[in-house]
Amino acid sequence: MPEPLADALARYPRVPLTRTPTPLDCLSHLSAELDLDLHLKRDDLTDLALGGDKPRKLEYEVARAVAAEATVLVTCGSAQSNHARLTTAAARRAGLRVTVVLSRDERAALQGNLLTVRLMGADVRLCDTADHWALQDDARAVCDELRAAGEEPYFIPVSGSTPHSCLGYVRAGLELVEQLGERALEPAAIYVPCGTGGILVGLTTALRDAGIECPVVGISVNRSTEQCLTRIDEWWRAVSELLDLDPDRPRGPIEVDDGYIGREYGDPTEACLDAILRMASREGILLDPVYSGKVFAGLCGHQAAGRWPAGASVVMVHSGGTPALFAYQDALEAHLERRLTSGETPARSG
Ligand SMILES: Cc1ncc(COP(=O)(O)O)c(C=O)c1O
């Protein structure tokens, strides 16, 4: 008999950083508008420093840092990194120091995530690059510097995705499976953001284990579909190994759509700004311009193309990121103005 997934997961130490479960909300107004039965998994409501996906992921990484007797967490990211905000908050919860290496990019004003990082007193090192994926070497150099000063640094890679942090989304997946069961929901699809693919792989692992075989649709925020699928394969194998699962077992349908990125990571596209406005004005729920706004733009776009049958149950994961709204004030103001002066609201079809 294979070990139940929950038992395999329980072998890994975890430092609780948020109360769970997060709600699974039915969005009645948007359901009517999109001709769907639309549900939102509210991981924007994890209760660590304005929430998001990272608290679940960091629970496993902070446990490893504590086990390694670390004194300081070190990570890197963009100036508006949600991961930097939540690594800082997690370090504070665990009584650790924290250094974040961030890119001095076009969103480096003291706003949004960067403001919260400063408020929580992280040691912030801004590097002159627009490419936050290239900061890994700078962060490693900071680790060496801290070690030479007598600290014990624990490095968490950009975006916080590691095989162990993916376990946070296996746990979230078990939670979602239970919520779907309680409501007797059989989703036609589950939409998630796809950055590194950690959320997608963690959730899919738990869903498939429970026999839920619907398409899991990742909306890419930065990479081509092919690059995302390669990463997903890597995480799938690494997570399978941790949980003693056969990596070659059937994965069920996994799709990645790279058509909503825009020019580059973080580009506040028209479709994304419309999606933010639509969710906010219909449901009073705030999305963000980098992740959840793009996921909802993808969902609306797919629905406008008739992807899901009338009344089908669709779940979208809201992974947070909303503090970045304030760093995108210029784009949002211009968009609001455009929509208000033209009398338009985001098109019914997406
Ligand atoms: C708010 C938010 N959603 C989604 C993601 C991407 O998640 P993943 O890297 O697991 O695909 C991130 C990663 O930085 C994030 O900050």
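Predicted model: local features only at pLDDT ≥ 70, side-chain atom pairs only at ≥ 80, totals over all residues.
Local features need pLDDT of at least 70 and side-chain atom pairs count only at pLDDT 80 or more, while totals for chains, interfaces and linings use all residues. Residues are numbered from 1 along each chain as its sequence is written.

**View 1. Packing of helix H10 with helix H11.** Helix H10 (residues 270-283) packs with helix H11 (residues 292-304) at an angle of about 90°, their axes lying 8 Å apart. H10 is therefore roughly perpendicular to H11 (a term for angles of 65 to 115 degrees). Ala271, Cys272, Ala275, Ile276 and Met279 of H10 are in contact with residues of H11, including Phe296 and Ala297 (contact: C-beta atoms, placed from the backbone, within 7 Å).

View 2. Of the 13 residues of H4, 10 are buried, so the helix is largely enclosed by the rest of the structure (buried: 20 or more other C-beta atoms within 10 Å of the residue's own). Among them are His83, Arg85 and Leu86. The buried residues pack against helices H3 (54-67) and H5 (112-119) and strands E3 (72-77), E4 (97-103) and E6 (153-156). Glycine 95, with a positive phi near 75°, follows H4.

**View 3. Glycine 198 in helix H8 (residues 198-209).** Glycine 198 counts as buried because it has 27 C-beta neighbours inside 10 Å. Not counting residues up to four places away in sequence, glycine 198 touches Lys57, Ser161, Ser165, Cys166, Tyr169 and Trp235. Its C-alpha atom is separated by 9.6 Å from that of valine 239, 41 residues apart along the chain.

Technical notes:
Axes fitted to C-alpha atoms, helices over the stretch in contact; angles between N-to-C directions. Helix = DSSP H or I, 4+ residues; strand = E, 2+ residues; numbered from the N terminus. Parallel < 35°, antiparallel > 145°, perpendicular 65-115°, else oblique. Contact = placed C-beta atoms within 7 Å. Buried ≥ 20, exposed ≤ 12 C-beta atoms within 10 Å, placed from the backbone.
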